[in-house]
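Please walk me through this protein model.

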Amino acid sequence: MDFALTDEQQDLRATARRYLAGRYPAQRIGALADGPHGSEASTWPELIRQGWLDADLTTVELALLAEESGYALHPAPWWSTVALAAPYLRGQGEAVTVPATYAAGDVRADRSRAGWLLYGVAPAVPDAGPARQVVVRADTPEGPAVFTVPSDAPGLTVTTPDTLDTLRPMARCRSPACRPGCWSGDQAAEATAAARDVGGTLLAAEAVGVATRALDLAVGHARTREQFGRPIGGFQAVAHQLADVYAAIEPARSLTYRAACLVARKDEAASAVAEAVIAARHAAVHSCEAAVQTLGGTGVTWEYPLHRWLRRALWSEAFAGLDPDPYATVANRLLAEPAATVSPNVPSRGGHHAQP
């Protein structure tokens, strides 16, 4: 598989990085995170003009934008819209023009004379505050179905408690009774499969961006901070730790690009996506924790922005909106392989090979 980016994809990534770096320096990210709203939905028209919502973007191009979004901590509700809601909306033939999100939880739906009635609570919905459309997964007497609900639908309430990552506020949605649009059966199953693959790939891509930014912050500090008359990056304890982080990020990036290519080609990608999610989540948390250790006391101050990226890394690690769980997907694939593919040369606990 060729992971080399085309000229157009490289231009897209470079343009996105310039835009995000210019609009969201670290100081502005901190101000938005400490502000009343967290995410900034007012830039939505600008994102549309720049093509971030174009329907012809492949999963590879979306992954590049998600990676740059993680690098900059892009505070707009773009990720929630494109990664979680868009696969369902486009599966139903709808254009994605407004911020949207995806809600799942203890939700059920019943038919009435007026159509479907939706009841229940979704406890953790990303960016539900700025969203104008909510895609809701619910259980019906005929099986799982997916509903599209305008955020101002009668009976739909959204509350936003304090959460770890204030740049991506998680809301609690309650829908005692509203009449949404619905699709179910094969159409819902196809949309769910597409959302699983696209959502997982973009989650991994964003985590790779978070990991890369944390490593850049740590390397920048290690090159300029001096101790005993030399940069701390010259000390083995610092250099080796940052090298370990680099060695974790690069496989995660490759796995993410592989997953994006498979999803874009509509190949079977569930296992590749799960592997990318696991590797990228680990790389993001590992990189942020190593950066905090490299920066020492500076890394744990409120004023220094590193904790914003650590919060996003922990959010990515804890996000449970992917179904099925990536670890379950990988475990099922490994356990389904024939026993003959497993090497019998397993070292003993003492480090010696077992005797035949």
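Which residues in helix 4 meet which residues in helix 7? This is a predicted model, and the contact can be read residue by residue. From helix 4 come Thr 59, Val 60, Ala 63, Leu 64 and Glu 67. From helix 7 come Arg 253, Tyr 257, Ala 260, Cys 261, Val 263 and Ala 264. By class, eight of the residues in this contact are nonpolar, one is polar and two are charged. Two packed helices are described by the angle between their axes and the distance between the axes. Here the angle is about 145° and the axes lie 8 Å apart. Helix 7 spans residues 236–264.

How far can the model be trusted? The mean pLDDT of the protein is 89, and 92% of the residues score at least 70. Helix 4, residues 59–72, has the highest mean pLDDT among the elements, at 98. Strand 8, residues 181–184, has the lowest, at 71. One stretch needs care. Over residues 346–356 the pLDDT is below 50. Beyond near neighbours in sequence, that stretch has three contacts in the model.

The structure holds one cavity of 30 Å³ or more. The largest cavity contains about 80 Å³ of space. What lines the largest cavity? Its lining is made of Ala 103, Val 107, Leu 118, Gly 120, Val 121, Ala 122, Val 136, Val 149, Leu 156, Cys 173, Arg 174 and Ser 175. Nine of these residues are nonpolar, two are polar and one is charged. Strand 3 (115–126) and strand 7 (170–174) each supply at least two lining residues. Strand 3 gives the most, with four.

Last, the aromatic rings. The structure holds eight aromatic pairs. One of them joins Trp 79 and Phe 319 edge-to-face, at 6.0 Å centre to centre with 80° between the planes. Why does this pair tie together parts that are apart in sequence? Trp 79 lies in helix 5 (residues 78–91), while Phe 319 lies in the loop between helix 9 (306–318) and helix 10 (326–336), so the pair links parts 240 residues apart in sequence.

How values were computed. Residues are numbered from 1 along each chain as its sequence is written. This is a predicted model: local features need pLDDT of at least 70, side-chain atom pairs count only at pLDDT 80 or more; totals for chains, interfaces and linings use all residues. Side-chain values use heavy atoms; hydrogens and water are left out. pLDDT is the predictor's confidence in each residue, from 0 to 100. Contact means heavy atoms within 4.5 Å. On a 1 Å grid over the protein atoms alone, a cavity is a set of points where a 1.4 Å probe fits but cannot get out, and a pocket is an open set with protein on both sides within 12 Å along at least five of seven lines; lining residues have an atom within 4 Å of a point. Grid points are joined across faces, edges and corners, and a volume is the space filled by probe spheres set on the points. Ala, Val, Leu, Ile, Met, Phe, Trp, Tyr, Cys and Pro count as nonpolar, Asp, Glu, Lys and Arg as charged, and the others, Gly among them, as polar. Axes are lines fitted to C-alpha atoms, for helices over the stretch in contact, and angles run from 0 to 180 degrees between N-to-C directions. Rings of Phe, Tyr and Trp (its six-membered ring) pair if their centres lie within 6.5 Å; planes under 30 degrees apart count as stacked, over 60 as edge-to-face and the rest as tilted.
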